[in-house]
Amino acid sequence: MIPTNERRKILIVGAGAIGGLYAARLAGLAEVVVLDTNDAHVEAICSRGLIVTGLTESTTPLAAFATAAEMGRRRFDAVIMLVKSQATESAFRSIEPALEGRPVLVTFQNGMGNEEALMGISDLDVAHGVSFEASRYDGPGRLHHLVHGEESWLGPSRGSVESVAWLGELMTRSGLPTKVVADPRGAIWGKFIFNSVMNPIGAIVLGVNAARYDVPEMRALIDDMAAECIRVAEALGIKLEFDPMYLVKKFRSGELPLTKHAGSMAQDLEAGRETELEAMTGYVVRKAKELGVSVPVTESVYSLAKGVEYATRAKRAGG
């Protein structure tokens, strides 16, 4: 048992937009180490700290490494995975030899299937959760905090609620209010549906957020797609904790001012990075087929987003 007066030790794998924000917030209360494959990002953090602007204004000194070998063997109480979903398994396998003790593995990633992947390759306790923060990577060592959202949710996939209760308390004290529950899937699926709908559409409209709200045909498309995704969740027996499209409705009504942020998928395409389409909308399409749920609008948006992703890569390659 870890003494209550000992500072917790946390490894954050993927110090990008959200991972970096978590690291900056938690570093005041815990010993935080970040691991990121972006050499320039790691070098900047090591030389001048992680600079966060926007809703959070801070410069945080952090121990940052580009590889587990550079980090060396260490004991952590928690390992928070915040890499892209498609990199979950390879990222964990790369750090596993460096882990001492039995840290709880935590995923706050956007796509589905991450906790299953971690449970399949490790016997450690695994927890999954959902964050409603939004941030942007602004270059090596710099992030911009865009949205401070509703409280986060966190709970065990394997293990007890107590195994992650301390982390939820720590996050809340850091200014990221977090609710720890036995089964967070209702909240996770709420955000997952939002992302699976709004992210590919944000990519299709070339990152112009206003197009998702000002074009009547796009509004209708969003509503039809959301209804299909909700039917998939219901077929899985998941009771949603909130309306997945409540933010969309607030933007449409004018209750919230419209931002230029059109989702991480549009940002990934602009930066030439691989998107999480397969772990988001692609996951819904595959689950719908398994369950026999008809999702023609979602299938069409998924197909269009695949085409946009291919075309963007081809244009960057000069094709």
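The protein chain contains 13 helices and 14 strands, where helices (H or I, at least four residues) and strands (E, at least two) are DSSP runs numbered from the N terminus. The coordinates are those of a predicted model, in which local features need pLDDT of at least 70 and side-chain atom pairs count only at pLDDT 80 or more, whereas totals for chains, interfaces and linings use all residues. Residues are numbered from 1 along each chain as its sequence is written, and side-chain values use heavy atoms, with hydrogens and water left out.

The C-alpha trace of the protein chain spans about 55 × 45 × 40 Å along its principal axes. For 319 residues, a compact globule would have a radius of gyration near 20 Å, and the 19 Å computed for the protein chain agrees with this; the radius is taken over C-alpha atoms, and the globule rule is 2.2 Å times the number of residues to the power 0.38. Of the 319 residues, 52% count as buried, a class defined by a relative accessible area under 20%, with exposed meaning over 50% and partly exposed in between (1.4 Å probe, protein chains only). The protein chain exposes about 14200 Å², of which carbon and sulfur atoms supply 53%; accessible areas come from the Shrake-Rupley method with a 1.4 Å probe, and for residues only the protein chains shown count as cover. Among contacts with a separation of 6 or more in the protein chain, 70% join residues 24 or more positions apart, a contact being heavy atoms within 4.5 Å.

Helix H12 (residues 281-291) carries a set of buried residues, namely Thr 281, Gly 282, Tyr 283, Val 284, Val 285, Lys 287 and Ala 288. These buried residues of H12 pack against helix H5 (114-121), H7, helix H9 (216-235) and helix H13 (296-316). H12 is followed by Gly 292, whose phi is positive, near 75°. A positive phi also occurs at Leu 206, about 65°, although Leu 206 is not a glycine. Most residues other than glycine have a negative phi. Leu 206 is found in the loop between H7 and helix H8 (209-214) and is exposed, with a relative accessible area of 71%.

Aromatic pairs were assigned to rings of Phe, Tyr and Trp (its six-membered ring) with centres within 6.5 Å, planes under 30 degrees apart counting as stacked, over 60 as edge-to-face and the rest as tilted. By this rule the count comes to seven aromatic pairs. One of them, formed by Trp 189 and Phe 192, is edge-to-face, with 4.9 Å centre to centre and 75° between the planes. Trp 189 and Phe 192 are separated by about one helical turn because they lie three residues apart in helix H7 (residues 185-204). Elsewhere, ring pairs link Phe 132, Phe 242 and Tyr 246 into a cluster.

Phe 132 also takes part in a charge-over-ring arrangement, in which the charged end of Lys 191 sits over the ring of Phe 132, 5.9 Å from its centre; this assignment requires NZ of Lys or CZ of Arg within 6 Å of the ring centre and within 35 degrees of the ring normal. Arg 8 lies over the face of Trp 166, at 4.3 Å from the ring centre.

The count of disulfides comes to zero, a disulfide being a pair of cysteine sulfur atoms within 2.5 Å. Cys 46 is partly exposed at 48% relative accessibility, whereas Cys 229 is buried, with a relative accessible area of 0%.

His 41 lies in helix H2 (residues 39-48) and is buried, with a relative accessible area of 1%. Leaving aside its neighbours within four places in sequence, His 41 is in contact with Ala 15, Asp 36, Leu 50, Tyr 137, Gly 139, Pro 140, Gly 141 and Arg 142. His 41 and Arg 142 are 101 residues apart in sequence, yet 8.1 Å apart in space, C-alpha to C-alpha.

Glu 116 lies in helix H5 and is partly exposed at 39% relative accessibility, with His 128 lying 12 residues away in sequence and 9.9 Å away in space, C-alpha to C-alpha.
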